[in-house]
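Subject: Structure handover

Hello,

Here is the structure for you to take over. My notes on it come after the entry.

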Amino acid sequence: MATHATQFNKALSNIEPAEDADHAKGAHKEVSEVLKADERLRGLGVSPVLIGSYKRDVSIRRVKDVDVFVRLQDAGKDLRPGDILDHITEVLEEAFEDRVTRQHRSVMVDFPDLDLSVDAVIARPCVEHPEEHWQIPQRIEDDGNARWIETNPMAMTEHTTEANQTFLLGASNEGKGVYVPVVKLMRQIRRTWVKDQPGGYYFEVLTWHAFQENQPQESTVAEYLTVILRAVAEALPECAETGPDDPTLEGKTIKSKATAEQVKAAADRIAEAADLAEQALAETDMCRAAKLWQELLGTTHGTETAELVFPMPEYCNADGTQKQSTTITRGAPAVPAGRDRYA
């Protein structure tokens, strides 16, 4: 099998957020400190916490927005979302002049020098489950009214940690969690193969379900990715009307901007991607296999210069052919077909 362990390690490195992660951490801290310093918010038990793909360590280049969950731990059911959102907007505008935008259920702070933004989402304890879940406004109308909806974003972080401790690169590799790397690669494949919707979180949830339902126990990233990609391809058509089940709220499904037609179109594309992954894994010529993996993972996104995510092995030409033995560095012999020197 053409598992190309070294190339997959480099591919994962190539899609890491890199300095974006540091910028996101700093921007989150700035916004959180401003909110925690406000007297009214302190009275409501303000406790901001980072959520989203960055918090779960599954984000890929580029990080364009950071989600801060503004928990108001002592807020009662009489809290009017429009009023408190107005207040948070005023607090942030004083600290970040001309960089604040009030939205329907959050306040966005722009960090133009970092090319990212922070979304501060307000939340109160859930009336039905005050010790476990939270509620956020579905949409705040002009009169300040809103319907609160239940959410539990921290649960996905817990699921991610658990899955990464469960699925390993072989029984002898304790601590080598493979779930997070596969989620990152699935997000990269979505960016490469799906035009717009569904989004990254939608695919992350499908990936989590695929791991739970299939319980794969492979020994390489390439094998895990191929199994999970096929499972997601098969699951997508069933989600066209309702969306995948929400792992964080029993009986709920994931809501998405995607239409049924967009989900079906994405299903066709991901099925093609799964075919390509299976072809790459089964290929006996290591250079041709590397070219297929390269096609699957595409290029980096959101940067001035797009770069190929999956690097060719040193013994291969850019077109997927093998170099002559005389051209390989240090006089190393040519790699026979069907053999991966990095496996």
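The model is predicted. Its largest nonpolar core has 65 residues, and Ile270, Trp293 and Leu296 touch the most other members. Helices 1, 5, 6, 7, 8, 9 and 10 each supply at least two residues of this core. Helix 9 (260–282) gives the largest share, with eleven residues. Another core, of 31 residues, lies apart from it and includes Leu41, Val46, Val63 and Phe111.

Leu296 is in contact with Ile189, Thr192, Trp193, Leu225, Leu229, Ala273, Leu276 and Ala277, leaving aside residues up to four places away in sequence.

Helix 6 and helix 10 pack with their axes 7 Å apart, at an angle of about 75°. Because angles of 65 to 115 degrees count as roughly perpendicular, helix 6 is roughly perpendicular to helix 10. On the helix 6 side the contact is made by Leu185, Gln188, Ile189, Thr192 and Trp193, and on the helix 10 side by Glu295, Leu296 and Leu297. Five of these residues are nonpolar, two polar and one charged.

The count of disulfides is one. Cysteine 287 is joined to cysteine 316, with an S to S distance of 2.1 Å. The link is left-handed, with -85° about the S-S bond. Cysteine 287 sits in helix 10 and cysteine 316 in the segment after helix 10, 29 residues apart.

Both partners are under the 20% cut-off and therefore count as buried: cysteine 287 has a relative accessible area of 1%, and cysteine 316 is at 5%. Cysteine 126, at 1%, is buried, and cysteine 239, at 8%, is buried too.

Regards

Terms used
Residues are numbered from 1 along each chain as its sequence is written. This is a predicted model: local features need pLDDT of at least 70, side-chain atom pairs count only at pLDDT 80 or more; totals for chains, interfaces and linings use all residues. Side-chain values use heavy atoms; hydrogens and water are left out. A nonpolar core is a set of buried Ala, Val, Leu, Ile, Met, Phe, Trp, Tyr and Cys residues joined through side-chain atoms within 4.5 Å. Buried means under 20% relative accessible area, exposed over 50%, partly exposed in between (1.4 Å probe, protein chains only). Helices (H or I, at least four residues) and strands (E, at least two) are DSSP runs, numbered from the N terminus. Contact means heavy atoms within 4.5 Å. Axes are lines fitted to C-alpha atoms, for helices over the stretch in contact, and angles run from 0 to 180 degrees between N-to-C directions. Angles under 35 degrees count as roughly parallel, over 145 as roughly antiparallel, 65 to 115 as roughly perpendicular and the rest as oblique. Ala, Val, Leu, Ile, Met, Phe, Trp, Tyr, Cys and Pro count as nonpolar, Asp, Glu, Lys and Arg as charged, and the others, Gly among them, as polar. A disulfide is a pair of cysteine sulfur atoms within 2.5 Å.
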